[in-house]
Amino acid sequence: MSEDRPRRPRSGGSSGPRRGSGASNGRSRPARGSGDNRSGGPGGGRSRGDDKRGGRGAGGRGAGGRGRRTVGQRREEYGGRPEPRTEAERRAEEVRKRRGPRRTERTPELEREQIEGREIEQWVDEGSVRDAALGATQRGAATDRGRPAPEVDPEVVAEIHEALDPQRAARLSERLASASAALDRERFDEARRMVTPLVRELPQVAAVHEVSGLANYRTGRWRHAAQSLELARQLKPDPSLLPVLADCYRALKRWDDVDTVWNDVKKASPQHDVMAEARIVVAGAYADRGDLSAAIALMQPAQQPPKRVRAHHLRQWYVLADLYDRAGDTVSATRWFQQIASREPNFADVRDRLRSLGR
């Protein structure tokens, strides 16, 4: 849906594939007749060939008449494993070559397959409010306009310096500023990658969780975004984060949490634009559950004529018109779409919506 500003989060982790043991135990047997066998059994001791030719001289040959190879050379020939010495080992090596590496063995190909196979949380909205009002509500970007230049707030810098030595604090402050700048430029994946290490080093700084939450929100990682935003508001309450947090819970279908955040918004009594964005999100949550009447009732305050029409008024009118259209009240839908068009003809897809209503 929409939001206006961002601030608070949490984190998680993952583990890689376990390394398999393989078919061999990693030990190699000395070649028979090579002069390396020092056991007392058959073939133990030096061969006559070694005695006559000076044992291990350069280029010397053992009793078998075979040139010596280093352990490394023998391992290279067999993919890093010891050279098979018995018939059973040779058969096992042939089977291994035919079947390829075990799924538990770590190979570049297996790791690449696992990385490429990872999935990012995807949410398909079941209602039309979000799709229809996507351009109008500018989901996740409304607060970016109100953000100051990508400079870290002096209070945040002071927090970082309290936690770290001056040199490290200065470096991480620069990284946080860069992550915030990437977020403002809508380079959301870049912002998320830059801020993730900061979350581990500066878990007590609300601004770090805020940037992390917004970056995850804009890349569709709803669960991580909600965790980060919750942490941010625990460290430093900020009502402007609540509409974004409610929208994360809406995406996750955590309806009770949506209602809880909405109650927190009403208690905070934030600025009109923040209240409007939260109202849009909660109305969308009702619509997602098929309760259009409750969604329309929640949007009723938006019908009060404002002294001055601002962007958040237009967004509320758009959602209200869309809800009426979905509920089958085309007269009311037309009235609100026309209200928008009279002030901002190019707002979202208002012209198309009016044409679809025969206007």
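This is a predicted model: local features need pLDDT of at least 70, side-chain atom pairs count only at pLDDT 80 or more; totals for chains, interfaces and linings use all residues.
Figure 1. Of the 359 residues, 42% count as buried. If you take the contacts with a separation of 6 or more, 64% of them link residues 24 or more positions apart.

**Figure 2. Helix 15, tucked into the structure.** This helix covers residues 272–288. Its 17 residues take it 24 Å from first C-alpha to last, close to the 24 Å you'd expect at 1.5 Å a residue. Of those 17 residues, 15 are buried, so the rest of the structure largely encloses helix 15. After the helix comes glycine 290, and its phi is positive, near 85°.

**Figure 3. Arginine 279, a buried charge without a salt bridge.** Here we zoom in on one residue of helix 15, arginine 279. Where is the nearest side chain of opposite charge? That's glutamate 277, and it sits 9.5 Å away. A salt bridge would need a side-chain nitrogen within 4 Å of a carboxyl oxygen, and arginine 279 has no such bridge even though it is buried. What the arginine 279 side chain does have is a polar atom 3.5 Å from the backbone oxygen of leucine 298. Leucine 298 also turns up among the residues that arginine 279 touches, along with Trp262, Met299, Pro301 and Gln316, once residues up to four places away in sequence are set aside.

**Figure 4. Serine 173, a buried residue in helix 9.** Helix 9 runs over residues 166–184, and serine 173 is part of it. Is this serine buried or exposed? Serine 173 has a relative accessible area of 9%, and the cut-off for buried is under 20%, so serine 173 counts as buried. Which residues does serine 173 contact, leaving aside its neighbours within four places in sequence? They are Val152, Val157 and Ile160.

Figure 5. Skipping residues up to four places away in sequence, arginine 351 touches Pro345 and Asn346. Look for alanine 341 as well: it is 10 residues from arginine 351 along the chain, and the two C-alpha atoms are 7.4 Å apart.

Key
Residues are numbered from 1 along each chain as its sequence is written. Side-chain values use heavy atoms; hydrogens and water are left out. Helices (H or I, at least four residues) and strands (E, at least two) are DSSP runs, numbered from the N terminus. Buried means under 20% relative accessible area, exposed over 50%, partly exposed in between (1.4 Å probe, protein chains only). Lys and Arg count as positive and Asp and Glu as negative; His and the chain ends are not counted. A polar contact is a pair of N or O atoms within 3.5 Å; within protein, one must be able to donate a hydrogen and the other to accept it, and residues adjacent in sequence count only if both atoms are side-chain atoms. Contact means heavy atoms within 4.5 Å. The expected span of a helix is 1.5 Å times one less than its number of residues.
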